[in-house]
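Please read the report below alongside the sequence and the three-dimensional view.

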Amino acid sequence: FILPMLFIIFSAPSFSSQDVKAISAHPTETTITPYNPTAPIGKAITFHAKVADHTPAQNTPYGTVTWSDGGKGGKFSSSSCKLVLYSSSESTCSVTYTQPTIGPVTVNGTYGGDSSHVTSSGITPLSVTLRTTSTTVTPNPVTPTIGKAITFSSKVNDPGTGIKTLP
């Protein structure tokens, strides 16, 4: 008595390097520069975000970086910036930021990822300081006479760049 045998051949699917790449997104690193700058109130400072792919199969990240200051009330030139090619594995973009009050601020840049890369964030602390002033005191008359009253005038000036504030 002979039993018929049924053979089923299974074949594993083949994957190209493109298929594997689509399945496994590359990690990224977002770096914000300058790191730990100091700026006076009202002076715009430019921040740069660099998004890098450090994997062995590097490719250029694309997309946008979104900016925030943690609700400190500063103003960015744009809430996000579009990445442009920096190298074969890095992209960069920039915004300007103006902080209206003194004290510490943490500037955060968040990369949103793309079809080949995952999201990442970078931060930099910013110290916002008081603006410098200059004071000029002048007598009137310039050449005083003994026994006569002299009136002095003072002028306080904000010589810095950026948004001027009344000293």
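The sections that follow describe the chain as a whole, its core, its disulfide and a few individual residues.

## Basis of the description

This is a predicted model, in which local features need pLDDT of at least 70 and side-chain atom pairs count only at pLDDT 80 or more, while totals for chains, interfaces and linings use all residues. Residues are numbered from 1 along each chain as its sequence is written, and side-chain values use heavy atoms, with hydrogens and water left out.

## Overall architecture

The secondary structure of the protein chain consists of 1 helix and 12 strands, where helices (H or I, at least four residues) and strands (E, at least two) are DSSP runs numbered from the N terminus. Read from the N terminus, the order of elements is α-β-β-β-β-β-β-β-β-β-β-β-β.

The protein chain has 167 residues, of which 29% count as buried; buried means under 20% relative accessible area, exposed over 50%, and partly exposed in between, with a 1.4 Å probe and protein chains only. Its accessible surface comes to about 11100 Å², and 61% of that belongs to carbon and sulfur atoms; such areas come from the Shrake-Rupley method with a 1.4 Å probe, and for residues only the protein chains shown count as cover. Among contacts with a separation of 6 or more, 59% are accounted for by residues 24 or more positions apart, a contact being heavy atoms within 4.5 Å.

## The nonpolar core

In soluble globular proteins, nonpolar side chains tend to be buried together. A nonpolar core is here a set of buried Ala, Val, Leu, Ile, Met, Phe, Trp, Tyr and Cys residues joined through side-chain atoms within 4.5 Å. The largest such core has 20 residues, and those touching the most other members are F47, V65, W67, Y97 and L126. Two or more residues each are given to this core by β3 (45-52), β4 (64-68), β8 (90-98), β9 (103-111) and β10 (120-129), and β3 gives the most, with 4 residues.

Leaving aside neighbours within four places in sequence, V65 is in contact with A49, V51, S79, S80, C81, L83, C93, G109, T110 and Y111.

## The disulfide

Both cysteines among those contacts of V65, C81 and C93, form a disulfide with their sulfur atoms 2.0 Å apart. A search of the whole structure finds 1 disulfide, the criterion being a pair of cysteine sulfur atoms within 2.5 Å. The pair links distant parts of the chain, with C81 in strand β6 (residues 80-82) and C93 in strand β8, 12 residues apart. The link of C81 and C93 is right-handed, with 45 degrees about the S-S bond, and both residues are buried.

## Sites at the surface

V137, in strand β11 (residues 134-140), is exposed because its relative accessible area is 52%. Together with I150 and F152, V137 makes a nonpolar surface patch of about 290 Å².

T33 belongs to strand β1 (residues 29-33) and is partly exposed, with a relative accessible area of 36%. Not counting residues up to four places away in sequence, T33 touches T46, F47 and H48; T33 and H48 are 15 residues apart in sequence and 5.3 Å apart in space, C-alpha to C-alpha.

Methods: Patch = residues over 30% accessible without salt bridge, like charges linked within 9 Å, V, L, I, M, F, W, Y side chains within 5 Å. Salt bridge = Lys/Arg side-chain N within 4 Å of Asp/Glu carboxyl O.
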